[in-house]
Amino acid sequence: MTTDAIDSTVQKASDFDWGTFLLGAPLKITVIIIGAIVVNLIIRLFIRRFTTAVAKGTVGSEKAESAGRMKFSATALEAQRTGIDEQTIKQRRAQRAKTVGRMLSSVTTILVSVIAILMILDALSFNIAPILASAGIGGVAIAFGARELVRDYLSGFFIVIEDQYGIGDTVDLGEAVGEVEDVGLRGTQIRDLTGTLWHVRNGEILRVGNLSQGWARAVLDIPIDYRTSMDEYRTMTDEVTRSLRKDPELSNAMLEDPEIAGVQSLSGSHRVIRTMIRTKPNLQWMVERAFRAELMTQLAKHGGQIGMAQETVLRTLPSEERAMAPAVATDTDNPSPLPGDQEIRSTVQEDSPSEGSSDGADS
């Protein structure tokens, strides 16, 4: 390299406007990166406050609090209304808030990062129009190919944020009925009564019947015969209630005393009386079994009976071959109480006199 070339390069470097360069693309990129970080942190702060409010579950306003009125806790109100302990309610809400917060934070980070990268490429004078066009085409392809996946995640998000069900609940999702073992944003795992583990996609869930949320009701249809009056049945129900209240576990499970709704149906032999008991979630079946067992004891004491359906026994007629076959009597056979047709005819012929003997006798 010649001396003139070196001098020319040095001259160009000295003439280069470093101030303009530093205030150009590097400064823009730095501002974009710092702005993306700040925006992400601010959004995460709002998400954290939102999830904290969901986990605490408080109702009321600062205006009411400044007026001197007490700020009530939704957890305490729900515990008082349903009979569920506050610790369980707090755990459910904390789990729901954690899941929602994690999902919102991930989505926010991805969106902010993609926007920041596109702005950096634009600051470096790259043509991002083809990238945006490709992203649009790719988004359409993904929308068609992964629409079921997006539907599953959106359904799971609303299932979690609305607290439709949680781990340990007994739910009815249509074909799958059982206890929830895991709740995710894409699917739900349910263990049914036979032990089968069902994997249900959240996007396929059209209805949810939660048997464990809030409170439950034990419904008993008891068949009672007509000899037992309604007053006697009420007396026996009161005695059954007192007996069940002696058991701490059953007493804790029953939120209210049994309510006799009335006669549910009638038949020729008995009437069905419906009795309902409000219980804690997932404990209605235990209360039903204990109530039936104690009611049988009280019926035995009072001389009552469970209504029995009337039965009619139909015996089949003898076969045609057996009916047409002549009866052969033996010494070992039991004689028939009624004589047969042949026996009757022979007896009549022996007893009736002949025509000749009757004429001789007349002469």
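This is a predicted model: local features need pLDDT of at least 70, side-chain atom pairs count only at pLDDT 80 or more; totals for chains, interfaces and linings use all residues.
A cavity here is a set of points, on a 1 Å grid over the protein atoms alone, where a 1.4 Å probe fits but cannot get out. The largest cavity has a volume of about 120 Å³, a volume being the space filled by probe spheres set on the points, which are joined across faces, edges and corners.

Which residues line the largest cavity? They are Arg92, Gln95, Arg96, Thr99, Ile159, Val160, Asp163, Tyr165, Gly166, Ile167 and Val183, where lining means having an atom within 4 Å of a point. Two or more of these residues come from each of α6 (86–123) and α8 (147–161), and α6 gives the most, with 4 residues. By class, the lining has 5 nonpolar, 3 polar and 3 charged residues; Ala, Val, Leu, Ile, Met, Phe, Trp, Tyr, Cys and Pro count as nonpolar, Asp, Glu, Lys and Arg as charged, and the others, Gly among them, as polar.

Now step back to the whole protein. It has 14 helices and 8 strands, taken as DSSP runs numbered from the N terminus (helices are H or I, at least four residues; strands are E, at least two). Of its 363 residues, 27% count as buried, that is, under 20% relative accessible area with a 1.4 Å probe, protein chains only.

A note on reading the model: residues are numbered from 1 along each chain as its sequence is written, and side-chain values use heavy atoms, leaving out hydrogens and water. Local features need pLDDT of at least 70 and side-chain atom pairs count only at pLDDT 80 or more, while totals for chains, interfaces and linings use all residues.

Technical notes
On a 1 Å grid over the protein atoms alone, a cavity is a set of points where a 1.4 Å probe fits but cannot get out, and a pocket is an open set with protein on both sides within 12 Å along at least five of seven lines; lining residues have an atom within 4 Å of a point. Buried means under 20% relative accessible area, exposed over 50%, partly exposed in between (1.4 Å probe, protein chains only).
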